[in-house]
Amino acid sequence: MQFFGGSEISPSPPVPTTAGNNAHMMYVFNRNGVCLLYREWNRPLHTLNPQQDHKLMFGLLFSLKSLTAKMDPISSDKGNLGVPQLPGQGCSFHSFRTNTYKLSFMETPSGIKIILVTNPRTGDLRESLKYIYNLYVEYVAKNPLYTPGTSIRCELFSTALDQYVRSIA
């Protein structure tokens with residue numbers, strides 16, 4: 001079952017068209033900020049321990065979501081800066097780019113946050129993030145052996161994810 005249109009996981013997943021796609025790392029957080037999955041494919045420099053890295057990434061997402069909600073020119077109800085928004089509520093961001101990487105972000109209605117860090121020349125990855133979320137739903141969320149809120153340790157998901165990331169790299 002596919003949660004973003006259609007009824008099955010597409011046999012031919014979306015492939016970004018921009019040259020230079022190179023996935024560096026991926027994070028999956030739940031709504032409480034617990035890192036359920038961290039994968040890296042091409043990260044040459046490790047400067048932090050994993051726990052610090054996960055806290056900084058979730059803090060960055062929290063801050064960017066709050067900032068975009070506060071700066072929303074359409075909504076009059078801005079809330080307080082730093083107060084979490086419900087998924088899908090208010091203004092949100094999809095990606096940002098620096099001179100060395102691009103961070104693409106998607107939050108699902110259930111509060112799952114998927115972050116993909118890639119080469120800065122990478123195009124729009126919203127469809128790719130939706131595909132990765134559908135892999136998560138099929139192989140993790142529907143798995144009767146998976147306990148929600150725990151680290152993701154599903155071989156089928158890992159294999160499908162690695163295969164997809166290699167296809168866009």
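How are α2 and α3 oriented relative to each other, roughly parallel or roughly antiparallel? The legends below refer to a predicted model.

**View 1. Packing of helix α2 against helix α3.** Two packed helices are described by the angle between their axes and the distance between the axes. For α2 and α3 the angle is about 160° and the axes are 9 Å apart. An angle over 145 degrees counts as roughly antiparallel, and α2 and α3 are therefore roughly antiparallel to each other. The crossing of α2 with α3 is right-handed. On the α2 side, the contact is made by Ser128, Tyr131, Ile132, Leu135, Tyr136, Tyr139 and Val140. On the α3 side, Leu156, Phe157, Ala160, Leu161 and Tyr164 take part. Of the residues in this contact, 11 are nonpolar, 1 is polar and none is charged.

**View 2. The buried residues of helix α2.** Helix α2 spans residues 126-141, and its buried residues include Leu129, Tyr133, Asn134 and Val137. Ser128, Tyr131, Ile132, Leu135, Tyr136 and Val140 are also among the buried residues of α2. The elements that cover these buried residues include the strands β1 (23-29), β4 (102-107) and β5 (113-118), as well as α3 (155-168).

View 3. Side chains of opposite charge can pair when their charged atoms come close. Lys130 forms a salt bridge with Glu127, with 3.4 Å between the closest N and O atoms. Both residues lie in α2, 3 residues apart, which is about one turn of the helix. Lys130 counts as partly exposed at 26% relative accessibility, and Glu127 counts as partly exposed at 46%.

**View 4. The salt bridge of Asp162 and Arg39.** The structure holds 6 salt bridges. In one of them, the side chains of Asp162 and Arg39 meet at 2.6 Å, N to O. Asp162 is in helix α3 and Arg39 is in strand β2 (residues 35-40), so the pair ties together parts that are 123 residues apart in sequence. Asp162 has 17% relative accessibility and counts as buried; Arg39, at 18%, also counts as buried.

**View 5. The salt bridge of Lys65 and Glu107.** The side chains of Lys65 and Glu107 meet in a salt bridge of 2.5 Å, N to O. Lys65 belongs to helix α1 (residues 50-70) and Glu107 to strand β4, so this pair ties together parts 42 residues apart in sequence. Lys65 counts as buried, with 14% relative accessibility.

**View 6. Asn22 and Arg166.** Asn22 is found in the segment before β1 and counts as partly exposed at 29% relative accessibility. Asn22 and Arg166 are 144 residues apart along the chain, and their C-alpha atoms are separated by 8.5 Å.

Note on methods: Residues are numbered from 1 along each chain as its sequence is written. This is a predicted model: local features need pLDDT of at least 70, side-chain atom pairs count only at pLDDT 80 or more; totals for chains, interfaces and linings use all residues. Side-chain values use heavy atoms; hydrogens and water are left out. Buried means under 20% relative accessible area, exposed over 50%, partly exposed in between (1.4 Å probe, protein chains only). Helices (H or I, at least four residues) and strands (E, at least two) are DSSP runs, numbered from the N terminus. Contact means heavy atoms within 4.5 Å. Axes are lines fitted to C-alpha atoms, for helices over the stretch in contact, and angles run from 0 to 180 degrees between N-to-C directions. Angles under 35 degrees count as roughly parallel, over 145 as roughly antiparallel, 65 to 115 as roughly perpendicular and the rest as oblique. A crossing is left-handed if the near helix is turned anticlockwise from the far one by less than a right angle, and right-handed if clockwise. Ala, Val, Leu, Ile, Met, Phe, Trp, Tyr, Cys and Pro count as nonpolar, Asp, Glu, Lys and Arg as charged, and the others, Gly among them, as polar. A salt bridge is a side-chain nitrogen of Lys or Arg within 4 Å of a carboxyl oxygen of Asp or Glu.
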